[in-house]
Amino acid sequence: MADLSWREAITRVLRNSAEAMHYTDIAEEIAEQELRAEFGATPAATVNSVISTSLQAEGNASPFIRVDRGRYWLRELAQSNPVAGVMSASEDQALIADSENTGLINAFGMYWSRANVLWTATPKILGQQQPGSTAVDFCNQKGVYLLHDGRAVVYVGRTTDQPLGTRLRQHIVDRLNGRWDRFSWFGVYSVADDASLKTTKNVTYDLSMLIVTMEALLIEGLEPPQNRKRGDDFRAVEFLQVEDPEIQKTQIVKLMDELKKKL
């Protein structure tokens with residue numbers, strides 16, 4: 001495995017691309033090509049930050065260029081391609097200023113398995129941004145959640161005074177136990193590269209942002225067949241579930257105990 005800097009890895013991926021790429025796709029390609037040894041908890045956000053920082057600090061001397069919101073290419077390749085669109089300086093600066101504004105929802109997970117969580121007093125609700133990135137514990141996340149029976153929504157809840165992990169654990173001993181096997185969640189806390197939740201960020205929003213968020217939550221949670229995409233300007237980061245490693249240890253111990261009984 002190579003261990004390039006983020007900038008070197010991004011450059012290599014874009015140099016081999018026939019068109020501009022979204023920063024999440026760039027991060028996935030870096031992982032797939034094994035260009036780095038460490039990815040942190042937010043590789044996609046890191047890629048976006050590295051490129052945006054270069055554009056701000058170096059201007060036209062930056063090797064990167066922003067083609068559209070979240071989509072980048074190498075400047076030399078974009079300029080030699082007559083069909084590649086290039087954003088104006090004013091549009092580019094507007095997106096840089098807006099890059100940190102993700103809205104009310106900053107992270108979410110869809111259809112996570114109840115069986116992949118060890119339901120202790122403080123369960124670990126583990127997820128990662130992409131394979132190879134550091135796992136994040138969302139136990140203390142705040143927001144809203146859905147309980148599913150298969151793919152059907154059977155309950156909608158919120159996490160305000162109590163965090164996500166506590167609220168979900170309550171549903172394995174209350175009247176809903178046995179009625180759900182999966183859950184989805186939408187959280188207001190974003191994730192830092194050290195895998196911690198940013199719980200102190202003050203969010204400012206207007207009416208249009210609130211409406212965008214409400215639309216996105218309904219689309220993501222209900223998946224209506226006529227909606228071909230999630231809500232406009234919904235920029236929360238989706239995380240993939242990671243099984244609690246203690247579950248495998250527990251299963252191994254049980255297996256060994258069973259084998260001892262048979263001997």
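**Strand β9 and its surroundings**

Tutor: Strand β4 (residues 107-113) and β9 pair in the antiparallel sense over 5 bridges. Two strands count as paired if DSSP finds at least two bridges between them. Strands are DSSP runs of E with at least two residues, helices are runs of H or I with at least four, and both are numbered from the N terminus. Strands of a sheet pair through backbone hydrogen bonds, either parallel or antiparallel.

A word on the source. This is a predicted model, in which local features need pLDDT of at least 70 and side-chain atom pairs count only at pLDDT 80 or more, while totals for chains, interfaces and linings use all residues. Residues are numbered from 1 along each chain as its sequence is written, and side-chain values use heavy atoms, with hydrogens and water left out.

Now the pairing. Take Ser-113: its bridge partner in β9 is Arg-182. β9 also pairs with β7, again in the antiparallel sense, over 6 bridges. Here Gly-143 stands opposite Gly-187 of β9. Leu-146 faces Ser-184 of β9.

Step back to the sheet. It is open, has 5 strands and runs in the order β8-β7-β9-β4-β12, with mixed pairing. The edges belong to β8 (152-159) and β12 (237-238); each has a single partner strand, so one side of each is left without a neighbour in the sheet.

Is β9 enclosed or open to the outside? Of its 6 residues, 5 are buried, so β9 is largely enclosed by the rest of the structure. Buried means under 20% relative accessible area; exposed means over 50%, and partly exposed lies in between (1.4 Å probe, protein chains only).

Next, the rings. The whole structure holds 10 aromatic pairs. Rings of Phe, Tyr and Trp (its six-membered ring) pair if their centres lie within 6.5 Å; planes under 30 degrees apart are stacked, over 60 edge-to-face, and the rest tilted. Phe-138 and Trp-185 make a tilted pair, with 4.5 Å from centre to centre and 40° between the planes. Phe-138 sits in the loop between β6 (136-137) and β7 (143-149), and Trp-185 sits in β9 (residues 182-187), so the pair ties together parts that are 47 residues apart in sequence. Both Phe-138 and Trp-185 are buried.

Trp-180 and Phe-183 pair edge-to-face, at 6.3 Å between centres and 80° between planes. Trp-180 and Phe-183 are both buried. Ring pairs join Trp-112, Trp-119, Phe-138, Trp-180, Phe-183, Trp-185 and Phe-239 into a cluster.

Charged side chains join in. A charge sits over a ring if NZ of Lys or CZ of Arg is within 6 Å of the ring centre and within 35 degrees of the ring normal. Arg-114 lies over the face of Trp-180, 4.7 Å from the ring centre.

β5 (residues 126-128) and β6 are joined by 2 bridges. In one of these places, Gly-127 has Val-136 of β6 as its bridge partner.

Now the cores. A nonpolar core is a set of buried Ala, Val, Leu, Ile, Met, Phe, Trp, Tyr and Cys residues joined through side-chain atoms within 4.5 Å. The largest has 26 residues, and Ile-10, Leu-14 and Trp-73 are among those with the most contacts inside it. At least two residues of this core come from each of α1 (6-15), α2 (23-32), α3 (43-58), β2 (64-68) and β3 (71-74). A second, separate core of 23 residues includes Phe-138, along with Ala-107, Cys-139 and Tyr-145.

Last, the whole chain. It has 8 helices and 13 strands. Buried residues are 42% of its 263 residues. Contact means heavy atoms within 4.5 Å. Of the chain's contacts with a separation of 6 or more, 66% join residues 24 or more positions apart.
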